Amino acid sequence: MNNDCIFCKIVAREIPCAKVFESETCLGFLDIAPVNKGHALVLPKAHHPTLWDMPTELAEDMFAAMKSVSLAVREATGADGLNVMQNNLEPAGQLVPHLHFHLIPRFGGDGLQLWDQGSYASGDEMDELASKIRNALR
Ligand code: 5GP
Ligand code: ZN
């Protein structure tokens with residue numbers, strides 16, 4: 001538990017939430033400021049600030065939780081689709097430094113824009129970057 005962390009306080013039940021899921025290791029609740037109604041957050045109960053900090057052993061529980069909650073959100077809201085989002089550090093839009101996944105129900109014509117996409121320079125730029133990333137794998 002990190003005493004400065006709002007999500008740790010929710011896990012500890014010091015702050016209330018609209019809970020939708022709980023397992024031994026994970027919690028799911030509705031985002032207080034939803035992109036669309038039914039927007040849920042799924043997180044490990046333990047305090048790991050970002051995806052880079054999460055022990056890989058938690059991955060099975062996290063994905064099982066995300067799958068269960070996303071299916072339930074779809075059924076309960078009648079969503080036509082769903083986005084999974086996860087922000088790491090402030091430049092990526094992370095406001096709460098306790099790892100969490102956003103499950104955002106989507107509805108045809110809801111008008112939500114995600115991001116603009118770019119391109120690589122012609123030549124080897126894309127292959128060179130792919131090679132650099134492969135070499136950085138741990
Ligand atoms: P981030 O930007 O860190 O990926 O997302 C943090 C999310 O947590 C935001 O979408 C925000 O609305 C939500 N949030 C922040 N504080 C609370 C809270 O006290 N309760 C709930 N349910 N959601 C919160
Ligand atoms: Zn925390």
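Mentor: What follows goes through the sheet strand by strand, and then through the metal site and the loops.

This is a predicted model, in which local features need pLDDT of at least 70 and side-chain atom pairs count only at pLDDT 80 or more, while totals for chains, interfaces and linings use all residues. Residues are numbered from 1 along each chain as its sequence is written, chains are lettered from A and ligands numbered from 1 in the order in which they are written, and side-chain values use heavy atoms, with hydrogens and water left out.

Begin with the overall layout. The sheet is open and has 5 strands, in the order β1-β2-β3-β5-β4, with antiparallel pairing. Its edge strands are β1 (19-22) and β4 (81-85), each of which pairs on one side only. From one strand to the next the twist averages 20°. Strands (E, at least two residues) and helices (H or I, at least four) are DSSP runs, numbered from the N terminus. Two strands count as paired if DSSP finds at least two bridges between them.

Now walk across the sheet from β1. A hairpin takes the chain from β1 to β2 through 3 residues, and these two strands pair antiparallel over 3 bridges. In this pairing Phe21 stands opposite Gly28 of β2. Next, β2 pairs with β3 over 5 bridges, again in the antiparallel sense. Here Cys26 stands opposite Pro44 of β3. On its way to β5, β3 makes 3 bridges, and the two run antiparallel. The bridge partner of Val42 in β5 is Phe101.

Buried means under 20% relative accessible area, exposed means over 50%, and partly exposed lies in between (1.4 Å probe, protein chains only). Because 5 of the 5 residues of β3 are buried, the strand is largely enclosed by the rest of the structure.

A helix also belongs in this picture. Helix α2 (residues 59-77) lies across β1, β2 (26-30), β3 (40-44), β4 and β5, at about 165° to β3. Contact means heavy atoms within 4.5 Å. Angles run from 0 to 180 degrees between N-to-C directions, along axes fitted as lines to C-alpha atoms, for helices over the stretch in contact.

The zinc ion (ligand 2) comes next. Its protein donors are Cys5 (SG), Cys8 (SG), His47 (ND1) and His98 (ND1), at 2.0 to 2.3 Å. Donors are N, O and S atoms within 2.8 Å of the metal (3.2 Å for Na, K and Ca), and water is not among the atoms, so sites may look incomplete. The angles among the 4 donor atoms are 105 to 115°, which makes the site tetrahedral. Four donors count as tetrahedral if all angles lie between 85 and 135 degrees. In sequence the donor residues are spaced C-x2-C-x38-H-x50-H. Distant parts of the chain are linked here: Cys5 sits in the segment before α1 (6-11) and His98 in the loop between β4 and β5, 93 residues apart. Cys5 is buried at 5% relative accessible area, Cys8 is buried at 3%, and His98 is buried at 0%. The whole structure holds 0 disulfides, a disulfide being a pair of cysteine sulfur atoms within 2.5 Å.

The loop between β4 and β5 also holds Asn87 and Leu89. Asn87 is buried, at 18% relative accessible area, and touches Ala92, Gly93, Gln94 and His102, not counting residues up to four places away in sequence. Leu89 is partly exposed, at 44%, and has a positive phi, near 70°. Most residues other than glycine have a negative phi. Arg13, in the loop between α1 and β1, also has a positive phi, near 65°, and is exposed at 61%.

Notes: Tetrahedral: all angles 85-135°; square planar, octahedral: opposite > 155°, others 65-115°.
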